[in-house]
Amino acid sequence: MFTLGVVDYAEHVIDLVGNTPLVKLNALTEGLEPLVLAKVEYFNPGGSVKDRIALRMVEAAEASGALRPGGTIVEPTSGNTGVGLAMVAQRKGYRCVFVCPDKVSEDKRNVLKAYGAEVVVCPTAVPPDHPESYYRVSDRLVEEIEDAWKPNQYANQENPASHYHSTGPELWRQTEGRITHFVAGVGTGGTISGTGRYLKDVSEGRVRIVGADPEGSVYSGGTGRPYLVEGVGEDFWPDTYDREVADEIIPISDADSFTLTRRLAMEEGLLVGGSCGMAVGAALELAQRCGPEDVIVVLLPDGGRGYLGKVFNDNWMSSYGFLSPDSSGATVGDVL
Ligand code: PMP
């Protein structure tokens with residue numbers, strides 16, 4: 001008789017959220033003593049760390065009754081959180097309506113539509129309290145649409161909780177408790193607050209938690225001055241950021257963030273987004289002060305394909321003066 005072996009598959013793609021790998025940084029850490037490991041979040045099925053919060057926010061809203069069967073998820077987002085929510089909504093049969101300002105590229109909007117989400121575009125050039133601003137429009141849609149629910153990633157405590165229950169325990173297990181420092185960029189603050197709190201609890205305060213922030217953002221003492229790196233830094237203090245977790249916040253310039261983002265692709269084979277270069281900048285600065293026994297883990301939130309027209313585009317980089325000879329790599333002209 002012929003017996004089939006066990007067929008190895010996931011029931012649905014959302015079952016693959018989390019359990020992302022750690023990869024050692026090699027070229028970028030040359031001459032530095034500690035082991036520096038990257039937690040590569042583009043291995044999540046929606047391509048970013050935000051899959052984790054999307055899944056937990058939706059499941060908590062189902063459990064509390066805030067999101068009912070057949071309901072609609074409404075959120076002002078254009079990026080990674082939208083992708084995570086759209087993917088989870090597909091599995092669970094919810095409608096998604098995302099609201100974004102018109103400065104968001106058509107490519108990004110099309111990704112959300114590809115998952116079946118609806119996208120409402122609002123003018124960028126209006127103040128936040130204007131009736132057409134994307135904050136106001138999303139509030140109005142929540143009132144107008146029957147059974148609508150707004151996750152509100154900037155206030156929802158399930159955002160940091162998702163990291164407390166997934167990212168943190170994964171890192172402790174993957175490093176067998178040897179992690180000494182955790183570095184992450186700060187946007188909503190969910191990643192650093194949840195992961196950091198778990199690592200502090202489990203290590204009884206031994207693990208040091210270090211935030212990376214774009215120069216000018218509030219977390220490193222600024223007022224929200226414009227910077228170009230996306231997904232991190234704020235001009236206000238979100239409820240999802242726990243001010244007691246980070247031991248230190250390191251500000252990183254746009255120029256350093258983007259230079260390192262390119263080096264991650266060219267020298268480590270990691271095609272990642274601009275906030276990853278920023279987090280690595282902070283990790284390398286920290287590594288200079290650490291010893292051979294230290295194990296630094298830096299979280300890389302997303303992949304680089306969404307940024308081909310920006311960080312990885314020589315013209316865009318040059319227009320801001322970010323292109324230095326050692327960051328540009330081979331240009332088309334060099335290769336031909
Ligand atoms: N990088 C990118 C690309 C992001 O989208 C986000 C989320 N806003 C972050 C970093 C920061 O993560 P968090 O919101 O958990 O602080």
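Two strands pair if DSSP finds at least two bridges between them. Strands (E, at least two residues) and helices (H or I, at least four) are DSSP runs, numbered from the N terminus. The model is predicted: local features need pLDDT of at least 70, side-chain atom pairs count only at pLDDT 80 or more, and totals for chains, interfaces and linings use all residues. Residue numbers start from 1 along each chain as its sequence is written.

View 1. Five bridges join β7 (residues 181-185) to β8, and the two run parallel. Gly 185 has Ala 212 of β8 as its bridge partner. From β7 the chain passes through helix α6 (residues 190-202) to reach β8, a right-handed β-α-β crossover. Right-handed means that, with the strands pointing away from the viewer, the path from the first strand over the helix to the second runs clockwise. Five bridges also join β8 to β9 (residues 248-252), again parallel. In β9, Ala 212 is partnered by Ile 250.

**View 2. Burial along β8.** Seven of the seven residues of β8 (residues 208-214) are buried. Buried means that 20 or more other C-beta atoms, placed from the backbone, lie within 10 Å of the residue's own. Arg 208, Val 210, Ala 212 and Pro 214 point one way. Ile 209, Gly 211 and Asp 213 point the other way. In a regular strand the side chains alternate between the two faces of the sheet.

**View 3. The open sheet β5-β4-β3-β6.** Four strands form this open sheet, with parallel pairing. The edge strands β5 and β6 each have a single partner strand, so one side of each lacks a neighbour in the sheet. Five bridges join β4 to β5. Val 97 has Glu 118 of β5 as its bridge partner.

**View 4. The buried face of helix α4.** Tyr 134, Val 137, Ser 138 and Leu 141 are the buried residues of α4 (residues 134-144). Seen down the helix axis, they fall within an arc of 95°, so they line one face. The arc is that of the directions from the axis to the C-beta atoms. An α-helix has 3.6 residues a turn, so residues three or four places apart point the same way. The buried residues of α4 pack against β3 (72-75), β4 (95-101), β5 (118-122) and β6 (148-149); contact means C-beta atoms, placed from the backbone, within 7 Å.

**View 5. The ligand shell.** 16 residues surround the ligand, each with its C-beta atom, placed from the backbone, within 6 Å of it. The closest are Gly 187, Thr 188, Thr 191, Gly 231 and Ser 275.

Notes: A residue is buried if 20 or more other C-beta atoms lie within 10 Å of its own, exposed if 12 or fewer, and partly exposed in between; C-beta atoms are placed from the backbone. Two residues are in contact if their C-beta atoms, placed from the backbone, lie within 7 Å.
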